[in-house]
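Subject: Structure handover and findings

Dear colleague,

Here is the structure for you to look through, with the sequence beside it. My notes on what was found follow below.

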Amino acid sequence: MLNDEEFAALFDAYRPRVYAYAVSRCGRRLAEEVVSETFVVVWRRRDVIPAKAPLPWLLGVAHNVIRELYRDELRRAALDEALRVWTEELEGDVADQVAERATAMKALSTLSDADKEVLTLVAWHGLTSAQAAEVVGSSRSAFFVRLHRARRRLEAAMNNVTAAGPRPAFIPEEEK
């Protein structure tokens with residue numbers, strides 16, 4: 001296992017190569033994040049770093065980090081797109097129930113991924129709190145706290161969406 005000085009030397013020696021690999025795979029915008037996450041993994045697994053040729057192993061770790069980043073980004077983009085489509089589909093309907101749903105969807109789209117997950121596990125997927133706690137890997141009591149806080153943030157977001165009100169697409173000539 002590497003000690004602190006050996007890890008620092010490894011970092012100094014290979015950081016530029018890992019950074020170059022990350023830039024070539026995902027661009028400069030994400031490269032620093034990839035390098036940081038890569039060396040976090042390397043620190044945790046410093047007992048299995050190959051002594052003779054660490055670069056291929058380091059680039060393999062970076063490859064996995066990039067894959068996870070893309071997977072997370074695709075999940076987030078898919079959910080955001082679904083929420084946007086549902087919101088757009090609902091905006092034209094004037095029924096009160098549909099308007100409330102549109103408000104809720106707009107408000108939900110402004111919440112963090114963690115809050116969205118907690119709320120949708122219970123509301124959309126029909127899980128009990130105990131089941132949802134198991135999904136997110138927390139205790140039941142911790143899940144109750146997270147759910148309570150997420151509901152408060154959703155309520156506040158719904159109030160903000162409602163306060164903003166609809167924007168008229170057309171203003172009659174006599175009202176101008």
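This is a predicted model: local features need pLDDT of at least 70, side-chain atom pairs count only at pLDDT 80 or more; totals for chains, interfaces and linings use all residues.

Within α7, the buried residues are F143, L147, A150, L154 and A157. An α-helix has 3.6 residues a turn, so residues three or four places apart point the same way.

Leaving aside neighbours within four places in sequence, A157 is in contact with A107, T110 and L111. A157 and T103 are 54 residues apart in sequence, while their C-alpha atoms are 9.1 Å apart in space.

As for the protein as a whole, there are 7 helices and 0 strands, and the pattern read along the sequence is α-α-α-α-α-α-α. The protein has 176 residues, of which 28% count as buried. Among the contacts with a separation of 6 or more, 56% are made by residues 24 or more positions apart.

On confidence, the mean pLDDT of the protein is 83, with 85% of its residues reaching 70 or more. Among the elements, helix α4 (residues 96-109) has the lowest mean pLDDT, at 76, whereas α2 has the highest, at 93.

The next point is how two of the helices pack. Two packed helices are described by the angle between their axes and the distance between the axes. For helix α1 (residues 4-26) and helix α2 (residues 28-44), the angle is about 145 degrees and the axes are 8 Å apart, and the crossing of α1 and α2 is right-handed. On the α1 side the residues that meet α2 are D4, F7, L10, F11, Y14, R15, V18, Y19, A22, V23 and C26, and on the α2 side their partners are R28, L30, A31, E32, V34, V35, T38, F39, V42 and W43. Sorted by class, this contact of α1 with α2 has 16 nonpolar, 1 polar and 4 charged residues.

Y14, which lies in helix α1, is partly exposed, with a relative accessible area of 22%. Not counting residues up to four places away in sequence, Y14 touches F39, P54, L55 and L58. With L55 in particular, Y14 is 41 residues apart in sequence and 7.1 Å apart in space, C-alpha to C-alpha.

Is the lysine K116 buried or exposed in this model? K116, which lies in helix α5 (residues 113-123), is buried, with a relative accessible area of 3%. When residues up to four places away in sequence are not counted, K116 touches L79, D80, L83, L108, S109 and L111.

Finally, A130 lies in helix α6 (residues 129-136) and is partly exposed, with a relative accessible area of 37%. A130 and F144 are 14 residues apart in sequence and 9.0 Å apart in space, C-alpha to C-alpha.

With best regards

Note on methods:
Residues are numbered from 1 along each chain as its sequence is written. Side-chain values use heavy atoms; hydrogens and water are left out. Buried means under 20% relative accessible area, exposed over 50%, partly exposed in between (1.4 Å probe, protein chains only). Helices (H or I, at least four residues) and strands (E, at least two) are DSSP runs, numbered from the N terminus. Axes are lines fitted to C-alpha atoms, for helices over the stretch in contact, and angles run from 0 to 180 degrees between N-to-C directions. A crossing is left-handed if the near helix is turned anticlockwise from the far one by less than a right angle, and right-handed if clockwise. Contact means heavy atoms within 4.5 Å. Ala, Val, Leu, Ile, Met, Phe, Trp, Tyr, Cys and Pro count as nonpolar, Asp, Glu, Lys and Arg as charged, and the others, Gly among them, as polar. pLDDT is the predictor's confidence in each residue, from 0 to 100.
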